[in-house]
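Welcome! Please take a look at the sequence and the 3D structure below before reading on.

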Amino acid sequence: MDRYPDILEDILHFDEDSDDEWDMLLAETKREEESRSKRRNKHRGSVPGHRIIRRGRVEGHERLYHDYFAPNCVYDAFFRRRFRMGRPLFLRIVNGVEQYDPYFVQTTDAIGNLGLSSLQKVTAAFRILTYGTPADSVDEYVWIGESTAIESLKRFVQTVIAVFGDEYLRPPNNNDIARLLAIGEQRGFPGMLGSIDCMHWKWKNCPTAWQGMYTGHCHEPTIILEAVASQDLWIWHAFFGLPGSLNDINVLERSPVFATLTEGRAPPINYRINGHDYTMGYYLADGIYPNWSTFVKTIPCPQGLKRKHYAAAQESIRKDVERAFGVLQACFAIVRGPARFWDEETLAYIMKACIIMHNMIIEDEGATNDNDFDGSGENPIVQVSHVHTPEFVDFIQTHHQIRSNASHSQLQSDLIEHLWQRYGQ
């Protein structure tokens, strides 16, 4: 009754003697039905307008397997080059992702056809991350659609963070700090925990309304990554997501890099330089960072041999974080080129997942000198306590110690003398 209200109303008031009018109504009704039938039959498939492409998923999986994963695979010598890591590490990531998220498990559809395998979905995500290519570029080899490739990438990076993040993106534990302090002592900087700096990632698809906020000295929208890296290029701290209009000092004021220290949860650090005792570690930084006791900076326009020697040593060792940025961008080209996603959350997942896999590669290839990354040297698990907490005054005192200009100047003077006595004379 609701489909043809006008026609039915005319029929109810129909004059039985008017055969011509009756024929006209029937003809109009027939044309309406034919028109509706054509509109319904225009689209095929389960989704209106959806085009079905018979890609041959099983054949695609078999070709991928024989090319890279079979015992006598075709491109065995090129696996490290194209996947940025060894085959055992890649398969470890695939197994961990597949066990955590059922999306990567190969399933069948309603009529029994096999879907995409975990190797196809993870390989598509890896190609986008390592080569920085558009999502539809992996279709020709992996035989996976653009929308499925994007969905696989988003789920992959989130799963990598969930499965491996606690182990490979964590603050240093007691064993790590002892090793970092020993490395710093060997390099002439006792108490050094690494070097700190910021990197900008261009955001190509930044919304127009936000471009002014995200545009800084690069003259295009960017998102900032603050990181701390050690000599072996392991990234210990990653703080990502602030707009590119901020400078390094603005990022530092919002960063949790010293959160554990101010809250009294950081492992104790004690060392002695030039007859003075210190209880806080420090990072090597460039000139824009403030004069805090936790930063050691170079000397602009140094005068005298001692200061020149110190400036050269500091500027050389501080490049560890720059090298880490370079290796990260070389392995995962997606963070070197312009970001094509629209939301910040997805970009943050991608950046963190790339850093986690970067650290996994560092460990797998032995650049960490057989260090303990299995968690056995971590601090005891924090339990909920109902005892009296430290006074707020202690928090403020630690906060002021971190920002002490006097301690910064004293530490710099002691390091100048220490380096000169050890290497300069």
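## About the model

This is a predicted model, in which local features need pLDDT of at least 70 and side-chain atom pairs count only at pLDDT 80 or more, while totals for chains, interfaces and linings use all residues. Residues are numbered from 1 along each chain as its sequence is written, and side-chain values use heavy atoms, leaving out hydrogens and water.

## Helix H5

Let us begin with helix H5, residues 87-100. Helices (H or I, at least four residues) and strands (E, at least two) are DSSP runs, numbered from the N terminus. In H5, Leu89, Phe90, Ile93, Val94, Gly96 and Val97 are buried (under 20% relative accessible area, with exposed over 50% and partly exposed in between; 1.4 Å probe, protein chains only). Seen down the axis of H5, these buried residues fall within an arc of 165°, so they line one face of the helix (the arc is that of the directions from the helix axis to the C-beta atoms). Pro88 and Gln99, on the other side of H5, are exposed.

## Val122

Val122 sits in helix H6 and counts as buried because its relative accessibility is 1%. Leaving aside residues up to four places away in sequence, Val122 touches Phe90, Val94, Phe104 and Phe156 (contact means heavy atoms within 4.5 Å).

## The sheet

Five strands make an open sheet of mixed pairing, in the order E3-E2-E1-E6-E7; two strands pair if DSSP finds at least two bridges between them. The edge strands, E3 (235-243) and E7 (295-296), each pair on one side only.

Note on methods. The expected span of a helix is 1.5 Å times one less than its number of residues.
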